[in-house]
Amino acid sequence: MSGIRSTGFLHLGNYFGAIRNYVRMQEEYDCYFMVADLHTLTTHPDTTELKTNVHRVLAEYIACGLDPEKSALYCQSHLRETAELYLYLNMLAYTGELEKTTTFKDKVRQHPDNVNAGLLTYPVLMAADILLQRARFVPVGKDQEQHLEMARNFAKRFNHRYGKDGEVFPEPQAFNFGEQLVKVPSLDDSGKMSKSENQNAAIFLSDSDDQIRNKLKKAKTDSGPTEPDTPMPGYIENIFQLLRLVSAPDVVEKFEGDYKSANIRYGDLKKQLGEDMVSFIRPIREKAEAIRNDEAYLRRIMEMGAEKARRNAGITMEKVRAAMGLQYY
Ligand code: TRP
């Protein structure tokens with residue numbers, strides 16, 4: 001089980017950090033992938049763009065290869081059971097541990113005028129999403145590790161307190177396919193690619209061919225190594241990192257060789273990367289656009305996904321209420 005918030009546009013970092021893992025996972029597991037629309041309300045109370053954004057994430061999920069026949073693709077707010085489990089889990093979550101959460105502290109710093117209780121209990125809502133499906137594996141990036149650990153703690157606490165007749169929730173683990181988690185660098189050498197920082201430093205799945213070419217053309221380089229075997233500066237390493245993600249192995253090898261022998265033309269490198277990036281993004285963008293324009297299809301997918309997720313959630317909530325003793329007749 002996993003989810004992505006419906007704020008902003010999905011970018012290459014979301015693709016290589018999360019969605020690519022989802023796509024592989026769906027071949028071997030019974031998967032639930034969600035658009036986290038409720039989580040967006042903790043920081044974006046204005047809902048004018050919510051529908052467009054939810055549709056976009058869903059369309060991009062499918063364009064990236066998620067198959068609604070294999071995985072449940074759904075929208076968080078379509079499962080009312082989430083709110084109920086969130087309520088119960090809130091009684092097991094201590095304000096002290098919530099206040100210590102890194103993301104909470106960051107958000108308080110960023111939006112001191114909107115420190116709402118939903119923000120404080122963000123990790124409880126995320127735990128509800130996960131535990132509602134009794135998920136064992138959660139494919140998430142490094143930035144969500146702390147939230148996942150909290151979900152594990154809530155599961156343990158619930159099982160310990162109420163699971164006299166056996167555990168109700170498995171303890172959810174972070175999941176990736178045994179490879180190192182890839183970090184997709186931002187184009188301005190400021191860390192990882194992210195939605196909210198500099199728009200020109202991220203490549204979005206919805207970027208046009210020319211936007212992609214221009215962003216890569218502007219990526220930082222220098223006049224190149226003057227001696228063979230010079231160590232690579234970070235911003236050049238970043239360009240190679242992107243090249244490894246989208247270009248053919250012989251192309252990567254050629255430019256690595258050129259660098260090593262201090263005989264590299266960064267203009268050519270960025271041009272090649274631009275074209276390979278365009279070939280990578282274009283089919284995803286075009287497919288996502290077509291899906292976004294087909295509201296009837298999106299609706300069918302959401303209904304189908306919610307129905308499957310709700311069925312599984314129903315089983316969980318029966319177990320939860322029984323374990324808690326919330327049954328009076
Ligand atoms: N908090 C996650 C993020 O910001 C999104 C999310 C919400 C999520 N519910 C989840 C991720 C459940 C995994 C599982 O990216």
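This is a predicted model: local features need pLDDT of at least 70, side-chain atom pairs count only at pLDDT 80 or more; totals for chains, interfaces and linings use all residues.
I checked its backbone: phi is positive, about 50°, although R134 is not a glycine. I also asked myself how exposed R134 is. Its relative accessible area is 22%, so I noted R134 as partly exposed.

I went on to A262, where phi is near 55°. That is again a positive value in a residue other than glycine. A262 sits in the loop that links helix 12 (249-260) and helix 13 (266-292). I put A262 down as partly exposed because its relative accessibility is 22%.

I found an open one of three strands, in the order 1-2-3, with parallel pairing. Which strands are at the edges? They are strand 1 (2-5) and strand 3 (72-75), each of which pairs on one side only. On average, neighbouring strands of this sheet are turned by 20° against each other, direction ignored.

I then looked at how strand 2 (residues 32-36) is joined to strand 3: the two run parallel, and four bridges connect them. For one residue I wrote down the partner: Y32 has A72 of strand 3 as its bridge partner.

What lies across this sheet's strands? I found helix 3 (residues 50-63) there, lying across strand 1, strand 2 and strand 3. Its direction is at about 150° to strand 2.

**L148 in helix 9**

I picked L148 next, a residue of helix 9 (residues 145-162). Is L148 buried or exposed? I call it buried, because its relative accessibility is 1% and the cut-off for buried is under 20%.

I listed what L148 touches, leaving out residues up to four places away in sequence. The contacts are M126, I130, V138, V140, P172, Q173 and A174. I also took one distance, from L148 to P45: the two are 103 residues apart in sequence, and their C-alpha atoms are 24 Å apart in space.

**Salt bridges**

My search of the whole structure gave 20 salt bridges. I went through some of them one by one.

Which residue does R157 pair with? Its partner is E97, and the closest N and O atoms are 2.7 Å apart. R157 belongs to helix 9 and E97 to helix 5 (residues 95-99), so this pair ties together parts that are 60 residues apart in sequence. R157 is partly exposed, at 22% relative accessibility, whereas E97 is buried, at 17%.

R282 and D209 also meet through their side chains in a salt bridge, at 2.9 Å from N to O. Here R282 comes from helix 13 and D209 from helix 10 (residues 209-217), so the pair ties together parts 73 residues apart in sequence. I noted R282 as partly exposed, with a relative accessible area of 31%. D209 is buried, with 16%.

For E237 and R244 I found a salt bridge with an N to O distance of 3.3 Å. E237 counts as partly exposed at 32% relative accessibility, and R244 is partly exposed too, at 36%.

**A nonpolar patch on the surface**

Last, I looked for nonpolar side chains on the outside. Which residues form a nonpolar patch on the surface? They are L326, Y328 and Y329, and together they have about 490 Å² of accessible area.

I followed up on Y328, which lies in the segment after helix 14 (295-324). I recorded Y328 as exposed because its relative accessibility is 65% and exposed means over 50%.

Definitions and conventions:
Residues are numbered from 1 along each chain as its sequence is written. Side-chain values use heavy atoms; hydrogens and water are left out. Patches are made of residues with over 30% relative accessible area and no salt bridge: like charges are joined within 9 Å, nonpolar side chains (Val, Leu, Ile, Met, Phe, Trp, Tyr) within 5 Å. Accessible areas come from the Shrake-Rupley method with a 1.4 Å probe; for residues, only the protein chains shown count as cover. A salt bridge is a side-chain nitrogen of Lys or Arg within 4 Å of a carboxyl oxygen of Asp or Glu. Buried means under 20% relative accessible area, exposed over 50%, partly exposed in between (1.4 Å probe, protein chains only). Contact means heavy atoms within 4.5 Å. Two strands pair if DSSP finds at least two bridges between them. Axes are lines fitted to C-alpha atoms, for helices over the stretch in contact, and angles run from 0 to 180 degrees between N-to-C directions.
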